[in-house]
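Here is a short report on one protein model. Please look over the sequence and the structure first.

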Amino acid sequence: MMNLSSLTTLPLAEEEQFVSFKGWAFYLLIVIVFICVFLGYAKKGYNGRVFTSKVSRLAEQLYLFLENMVLGAIGPHGRKYLPLAAGFWILIFVSNILALLAPMSPTTVLSFNVGLAVASIAYVQYEGIKANGFFGHVTHFAGPKLGLALLPITLMIFVIEIFSELMKNMSLSIRLFANMHGGHAAVESMNSLFFGLSVPGLNLVPLGEFLLPLKILTCVVQALVFTLLTCVYLGLVTSHGHGDEAHAH
């Protein structure tokens with residue numbers, strides 16, 4: 001039988017623990033299998049006219065929730081981005097929930113979150129170039145046209161905007177990693193509060209488990225924040241060609 005603890009860490013240092021690639025891949029596989037099974041049952045419960053099972057009705061409500069969020073953040077033309085948003089949301093949410101049940105999950109690994117953030121921002125840039133053309137997309141980082149006399153200000157705005165775009169990768173990934181990894185650290189710290197005391201049985205009290213409602217809320221919110229920010233970024237770069245700038249601003 002597979003030893004899960006051996007998949008979680010590598011004994012590279014006495015006090016530091018590093019996630020092995022095999023462990024990360026194992027937990028990512030669990031997430032993907034769960035999502036596939038859920039979608040399979042949801043599809044099985046739809047007979048072409050109505051949803052006949054609880055799983056399919058749950059999937060319908062999830063679809064309506066995500067559709068409302070995507071259209072609200074991007075605008076009427078945002079429906080085509082719904083598969084992307086749904087993919088981000090369900091992958092992050094299921095990974096976050098797995099973190100409550102297992103020693104780790106994909107979203108407790110910073111490199112995985114960086115990969116998600118890079119994919120999100122790269123796709124935003126691609127859609128921006130597609131909607132505005134390469135030159136139009138690049139020049140929008142310089143802000144409004146201020147004239148030749150204010151060229152230094154235009155250049156300063158351009159540099160700041162480029163730096164801001166790069167920082168979006170860090171903000172998306174570190175926010176998700178810090179909240180998920182921090183939850184584990186908080187539980188472990190609270191569970192070890194009574195270690196070393198001489199009161200019998202007191203060190204067996206799982207104080208950290210009282211954080212479970214807060215951790216469940218964090219799982220939902222962090223999946224929502226990552227997906228919503230991706231939709232907002234898409235709305236900002238694609239709204240000009242669709243006449244719905246108000247939705248993006």
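## Basis

This is a predicted model, in which local features need pLDDT of at least 70, side-chain atom pairs count only at pLDDT 80 or more, and totals for chains, interfaces and linings use all residues. Residues are numbered from 1 along each chain as its sequence is written, and side-chain values use heavy atoms, without hydrogens and water.

## Helices α3 and α4

Helix α3 spans residues 54–74 and helix α4 residues 82–101. Helices here are DSSP runs (H or I, at least four residues), numbered from the N terminus. The two axes come within 10 Å and cross at roughly 120 degrees. Axes are lines fitted to C-alpha atoms over the stretch in contact, with angles from 0 to 180 degrees between N-to-C directions.

From α3, the contact uses Leu62, Tyr63, Phe65, Leu66, Glu67 and Val70. From α4, Leu82, Ala85, Ala86 and Trp89 take part. Contact means heavy atoms within 4.5 Å. Nine of these residues are nonpolar, none is polar and one is charged. Glu counts as charged.

## Gly23

Gly23 sits in helix α2. Is Gly23 buried or exposed? Gly23 is buried, with a relative accessible area of 0%; buried means under 20%, exposed over 50% (1.4 Å probe, protein chains only). Its C-alpha atom is separated by 9.1 Å from that of Ser105, 82 residues apart along the chain.

Notes: Helix = DSSP H or I, 4+ residues; strand = E, 2+ residues; numbered from the N terminus.
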